[in-house]
Amino acid sequence: MVDLVSVVICTYDMDRYPAFSEAIESVREQTYEPIEIVLVIDGNETVYERTVEDYGDVENVSIYNNDENRGISYSRTRGGELASGDVVAFIDDDGVAEPDWIETLVEVYETTDAIAAGGDVRPNWQTEKPSWFPEEFYWLVGVVEPGFAADGEEVRNVYGSNISYRREAFLEVGGYDPKTGRKGDKHLQAHEAPVGIRLLEEYGRGMVFVEDAVVHHTLFDYRGEFGWLVSRSFWQGYSKRVMDLLYPDAPDSKGAYLEQLLTHFVPKRVRGLVRRPSVAAVLQLLMIFVFTGAVGLGYLYAILTPDLLEKANT
């Protein structure tokens, strides 16, 4: 049985406060009870004071401010430590959960021996989705891409805007690695992966993907900019190399995805282009190769970077 679910939401910047507030409200409107909400502000006194003003008197909401900017991974782990639920769930400060999000996740914990579960992350574009952006690269913007997993399938990790753990297991493996994730302008990506890897090592089980547990990811204008997406691809490749060095024996989910991309999705797109040619279809096919190349360049850059792990740890 699950008696209490703790939902942790972290934020760090006043510019994100409207989205942060929307995320909080979506959790407050969940159909499942009881829920406690743990808000972790990453060393920003202005955001902390505004959050206390808005939510300080709200029942089952607790607010904590880091003594300095520590990064998303530290903040999430701190939130897990402060939480008291049997299950601790995380949603990004730009996510909006559907009302039955927690109820759907809890059902998995109560009917299986799952130690971690997460659901679908769908795009909520704040401007029109770029016609040239291929859905196969939705993972670049933190959204579940086609072919990610089947409902109920066990994977190494799901996406951070829609993820939960049995709190005891999460803390047992050390929570999130503070060397990864967003910290100011530094962003060593894939910070969910180390938790999933350590859960696999400790318990021999991964995370259950729950298709009907849905969070909508707010995608601001910049996430549709070509330059930002290419840069993001590059640093994804760089981060992949760091993860390979930190966890050399871990399952290679991105390698499997690259194979699926080149052997299934690209041929499927070529066949579709032959049957129904369009400018958008041509550009999306081209972008698949551009983004894949940028990931590869990032990985190569990391290989050629002296003292890579030392730099990643600073």
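Student: Quick one: in β8, which residue is the bridge partner of F90?

Tutor: I163 is the bridge partner of F90 in β8; helices (H or I, at least four residues) and strands (E, at least two) are DSSP runs, numbered from the N terminus. This is a predicted model, where local features need pLDDT of at least 70, side-chain atom pairs count only at pLDDT 80 or more, and totals for chains, interfaces and linings use all residues. Residues are numbered from 1 along each chain as its sequence is written, and side-chain values use heavy atoms, without hydrogens and water.

Student: And how do β4 and β8 run, parallel or antiparallel?

Tutor: Antiparallel, with four bridges joining β4 to β8 (residues 163-166). Four bridges also join β1 to β4, but those two run parallel, and V8 stands opposite F90 there. Strands count as paired if DSSP finds at least two bridges between them.

Student: Which way do the β4 residues point?

Tutor: V87 and A89 point one way, V88 and F90 the other, and all are buried, meaning under 20% relative accessible area (1.4 Å probe, protein chains only).

Student: Switching to α2: which of its residues are buried?

Tutor: V47, T51 and Y55, in a helix spanning residues 45-55. They lie on the same side of α2 because they cover an arc of only 40° around the axis, taken from the directions from the helix axis to the C-beta atoms.

Student: What do they pack against?

Tutor: The buried residues of α2 pack against β1 (5-11), α1 (17-28), β2 (35-41) and β3 (61-65), with contact meaning heavy atoms within 4.5 Å.

How values were computed: Buried means under 20% relative accessible area, exposed over 50%, partly exposed in between (1.4 Å probe, protein chains only).
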